Amino acid sequence: MRFEKIRINNFRNISSATVDVNAEDIVLTGENAQGKTNFLEAIYTLCYASSFKTNNLKEAIKHGEDGFYIEATFLNEYDERQYISLSYDGNKRTINLDGKKVTDRKELIYNFPCIVFCHEDIDFLKGEPETRRKFFDQMMSLSNPSFLDTIRLYKNVLAKRNAAIKMNDPSLMGLYDERLAKYGLEIMNEREEAIKKFNNVFPIIFSNVSNGKDDLYIQYQKSWNNMDNVEEIVSYLSESKERDLKMMTTTSGIHRDRFVVKDSMGSFNQSGSTGQLRLCSLIFRIVESLLFEEATGKKPILLFDDVLLELDSTKRSLFLKEIDSYDQAFFTFLPNEIYFDKHHKKPICYNVKDGKYYL
């Protein structure tokens with residue numbers, strides 16, 4: 001899949017822009033706060049109807065306006081031209097694909113695979129356990145829409161069980177235990193398989209780019225450890241009712257699982273340097289894109305939001321060699337940077353100033 005042309009109205013500082021992006025690589029250069037990241041955010045929002053910068057789309061509306069609009073023409077995997085648009089009026093999102101309304105955002109996830117590399121990704125290493133859970137669940141949902149369905153079902157049952165806890169109703173809690181166990185066990189098994197695949201390539205790519213360290217891996221620590229059937233989990237949930245009532249929440253389950261980055265010295269967020277942690281977070285995204293292609297046969301669109309600035313020229317070149325399999329990539333750089341080495345394909349380059357894009 002590749003975007004051909006993107007039109008944006010009243011998104012962040014972009015009043016109105018129509019940009020030709022019919023190339024494999026698109027480079028946006030300019031000083032900070034001119035609209036480079038805003039353009040990437042608009043693409044991501046069009047792909048997923050959500051932003052990687054905020055949970056509240058109202059924040060993306062240009063100041064003084066009531067809503068924003070994004071549309072694009074693109075070539076699908078069969079080189080057929082299609083059209084997608086998204087409008088947001090401050091309350092409601094409306095998404096149209098070839099003139100037909102999209103009613104479930106799940107329809108977008110598989111058809112518009114888009115992976116963003118951004119500064120906040122370092123939280124995969126330094127952030128809370130929830131950040132890593134979210135990454136791996138999103139990674140798996142990207143190539144497996146049914147996994148997203150199971151996550152939704154689990155969260156729905158969990159919310160109902162937690163409501164029963166707050167009502168101090170143990171009998172009502174028990175009504176949800178079997179379904180919570182069923183969905184949770186499915187997710188747990190899927191996560192185990194995903195981590196095996198992740199660990200098959202993660203240390204190799206990190207070693208290739210860092211010129212050395214190859215002992216990194218992800219350890220999946222399950223809340224329901226050593227439980228491999230629904231009956232065992234239901235029994236455990238029943239035995240844990242008093243603790244759950246005391247803590248006012250469901251204290252075990254896949255929402256408590258942990259993904260820990262480790263090396264031979266232990267937890268990597270303790271032993272790794274800031275530069276190594278930053279590089280590790282970038283490798284997370286590379287592996288995500290590779291596993292997506294392996295599972296679906298499709299290549300994703302990649303968005304690089306200033307993340308290459310922190311790599312020296314050698315590591316940048318090695319890093320780019322690891323991401324040579326994609327349909328389209330958008331890069332942001334500061335002025336006068338050397339984007340790629342001489343062997344890289346010639347990109348379309350735009351200079352960005354005050355939300356406008358100049359060839």
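Which residues does Gln276 touch, not counting residues up to four places away in sequence? In this predicted model, they are Phe206, Lys213, Phe268 and Ser271. Gln276 itself is placed in helix H10, which spans residues 274-296, and is partly exposed, with a relative accessible area of 29%. The side chain of Gln276 also reaches back to the backbone nitrogen of Ser273, at 3.0 Å. Met265 lies 11 residues from Gln276 along the chain, and the C-alpha atoms of the two are separated by 14 Å.

One of the contacts of Gln276, Phe206, falls within helix H6, which comprises residues 170-210. Helix H6 has a kink of about 35°, centred on Tyr176, and is followed by Asn211, a residue with a positive phi near 60°.

Asp121 counts as buried because its relative accessibility is 3%, under the 20% cut-off. The side chain of Asp121 makes a polar contact with that of Arg285, at 3.1 Å, and, when residues up to four places away in sequence are left aside, Asp121 touches Val116, Ser281 and Arg285.

Turning to the pockets, the largest holds about 1,500 Å³ of space and is lined by 43 residues, of which Tyr44, Asn55, Lys134, Phe135 and Gln138 lie nearest its centre. Two or more lining residues are given to this largest pocket by each of helix H1 (36-48), helix H2 (106-111), E8, H3, helix H4 (129-143), helix H5 (145-166) and H10. The largest share of that lining comes from H4, which supplies nine residues. By class, the lining of the largest pocket divides into 18 nonpolar, nine polar and 16 charged residues.

The second largest pocket contains about 280 Å³ of space, and among its 13 lining residues Met140, Ser143, Ala194, Lys197 and Ala295 lie nearest the centre. At least two residues of the lining of the second largest pocket are supplied by each of H4, H6 and H10, with H10 giving the most, namely five residues. The lining of the second largest pocket is made up of six nonpolar, two polar and five charged residues.

Definitions and conventions. Residues are numbered from 1 along each chain as its sequence is written. This is a predicted model: local features need pLDDT of at least 70, side-chain atom pairs count only at pLDDT 80 or more; totals for chains, interfaces and linings use all residues. Side-chain values use heavy atoms; hydrogens and water are left out. The bend at a residue is the angle between axes fitted to the seven residues ending there and the seven starting there. Helices (H or I, at least four residues) and strands (E, at least two) are DSSP runs, numbered from the N terminus. Buried means under 20% relative accessible area, exposed over 50%, partly exposed in between (1.4 Å probe, protein chains only). Contact means heavy atoms within 4.5 Å. A polar contact is a pair of N or O atoms within 3.5 Å; within protein, one must be able to donate a hydrogen and the other to accept it, and residues adjacent in sequence count only if both atoms are side-chain atoms. On a 1 Å grid over the protein atoms alone, a cavity is a set of points where a 1.4 Å probe fits but cannot get out, and a pocket is an open set with protein on both sides within 12 Å along at least five of seven lines; lining residues have an atom within 4 Å of a point. Grid points are joined across faces, edges and corners, and a volume is the space filled by probe spheres set on the points. Ala, Val, Leu, Ile, Met, Phe, Trp, Tyr, Cys and Pro count as nonpolar, Asp, Glu, Lys and Arg as charged, and the others, Gly among them, as polar.
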